[in-house]
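Subject: Structure for you to look at

Hello,

Here is the structure I promised to pass on. Please open it alongside this note.

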Amino acid sequence: MRANKMCAILGNVYECPELLPLTEKRPLATLPFDCKYRLIDFNLSNAINANVKSVYMVFNQGTTKSVFDHIGGGREWHLDSVDSRYFIHFYQDFLKKKAEGRPYYESVIDYLHKSKSEYTVFMGNRMLCNIDLEAVLKIHQQNDSEMTVVYKKMPREQIYRQDEILEVDEHGIIKGNHNFLEERSDDGLLNLCMKIFICRTDWLIHALEEGQNLGGPVALLDFLTLLMSRVKTSAYEYTGFLSNIFDIKSYYDANMAMLDPKKFTSLLYSKQKIYTKLKNEVATYYSPTSDVKNSQFATGCLVDGKAYGSLFSRSVVIEKGAEVENSIIMASCCIKENAFIRDAILDKNVVVEPGVKIIGSAAKPVVIKKNTHVFSDVYGGE
């Protein structure tokens, strides 16, 4: 696909309270994933792999420090050149403009005009996937529809209460959509809207101008979801790996799925590369006393203890006699001698004192907040 044929909008507005305390000081988009990635890496990579040169991101005010720390100048995603760049705007600015009776989509419309792109793709912030957007665009171009939306057939337990379920006819056209809480069917799999939309840029500009004049929803995701029921919309079925992250368990399960070689390869080693922030660090060191099975480590870790079925971000220390099972350990954690951790998520910079036990369950993992110093046993789960 020629450069600049498509621009991208990433909506990072909706945050799930069920993910606290992991999202207490960071947006959902920068949650660590599989040792060295962040969730936002996947949407950025999906866009860049489709030769998108311009990305517009919306965040909540006061949550972007970790975004800038991670993305920086955008070099890893090739967004730091003369003809490639990214823009960040605050959702609260949209709300303020609407309250004052001003054109609240003004910055989006300005971005779309200046992008000079024929098509626009919008992506939400909770669906973790590696999707070929050029394939979605081809389907959109073949259909006489104003929009094309991506969906995947998913079981009920992997759908969030605020998600949209799509009704798709035999011709691949959306004939209806409704909130998951309104779902009455007992079908095993439901058509989950993945919050990925593609449309012509000139059509979207006109729709946004008309929508703000009529007082439409401020959030772009809500606006596009509303349009699905008003204009002809085609459906594209995604059949690859998808994690819908909306609470602690879904986040835990998404990470643990990466220990399955087939799922790991499907998401991270398909024909499309996933880009992330690069760090030049020493390799992880496994001492003679270490015992590691079915686990993944990022760089810079020091392993003297045992690790089974777990994921470890950069610079984690596991001292002699310590044991970690079925857990997610984020960057710069220190697990001291003879500590025992099972079915837990340790956020960054957690220190676990010698002999301390942290035990949860696969159904309800224990979460230890960032920068916590754990002196006594912690039990949870069901």
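Below is what turned up, taken element by element. Please bear in mind that this is a predicted model.

**Helix H1 and what follows**

Start with H1, residues 40–49. All 10 of its 10 residues are buried, so the helix is largely enclosed by the rest of the structure. Just after H1, look at Asn-51, which takes a positive phi of about 65 degrees.

**Aromatic pairs**

The whole structure holds 11 aromatic pairs. One of them joins Tyr-37 and Phe-42: ring centres 5.9 Å apart, planes at 50 degrees, so the pair is tilted. Tyr-37 is buried, at 7% relative accessibility. Phe-42 is buried as well, at 0%.

Phe-297 and Phe-312 make another pair. Their ring centres are 4.2 Å apart and their planes lie at 5 degrees, so this pair is stacked. The pair links distant parts of the chain: Phe-297 sits in strand E16 and Phe-312 in strand E19, 15 residues apart. Phe-297 is buried, with a relative accessible area of 17%. Phe-312 is buried at 0%.

**The five-stranded sheet**

E16 and E19 also belong to an open sheet of five strands. The order is E16-E19-E22-E25-E28, with parallel pairing. Which strands stand at the edges? They are E16 (296–297) and E28 (366–368); each has a single partner strand, so one side of each is left without a neighbour in the sheet. E16 pairs with E19 (residues 311–312) over two bridges, in the parallel sense. In that pairing, Gln-296 stands opposite Leu-311.

**The E9–E10 hairpin**

Now an antiparallel case. Strands E9 (residues 164–168) and E10 (residues 174–179) are joined by five bridges. Glu-164 faces Asn-179 of E10. The two strands form a hairpin, with five residues between them. Gly-172, in the turn, has a positive phi of about 75 degrees.

**Helices H6 and H7**

How do H6 and H7 pack, and at what angle? H6 (residues 201–213) and H7 (residues 220–228) cross at about 100 degrees, with their axes 12 Å apart. The two helices are therefore roughly perpendicular to each other. H6 brings Trp-203, Leu-204, Ala-207, Leu-208 and Gly-211 to the contact. H7 brings Leu-220, Phe-223, Leu-224 and Leu-227. By class, that gives eight nonpolar residues, one polar and no charged ones.

**Cys-7**

Last, a single residue. Cys-7 lies in strand E1 (residues 6–11). Is Cys-7 buried or exposed? Cys-7 is buried, with a relative accessible area of 0%. Leaving aside neighbours within four places in sequence, Cys-7 is in contact with several residues, among them Val-52, Ser-54, Tyr-111 and Leu-112. Its contacts also include Ser-115, Ser-117, Tyr-119, Thr-120, Val-121 and Thr-201. Val-282 is another matter: 275 residues along the chain from Cys-7, with 37 Å between the two C-alpha atoms.

Over to you.

Best wishes

Key:
Residues numbered from 1 in each chain as written. Predicted model: local features only at pLDDT ≥ 70, side-chain atom pairs only at ≥ 80, totals over all residues. Heavy atoms only, no water. Axes fitted to C-alpha atoms, helices over the stretch in contact; angles between N-to-C directions. Helix = DSSP H or I, 4+ residues; strand = E, 2+ residues; numbered from the N terminus. Parallel < 35°, antiparallel > 145°, perpendicular 65-115°, else oblique. Contact = heavy atoms within 4.5 Å. Nonpolar A, V, L, I, M, F, W, Y, C, P; charged D, E, K, R; others polar. Buried < 20%, exposed > 50% of the residue type's maximum accessible area, 1.4 Å probe, protein only. Pairing = 2+ DSSP bridges. Phe/Tyr/Trp six-rings, centres within 6.5 Å; stacked < 30°, edge-to-face > 60°.
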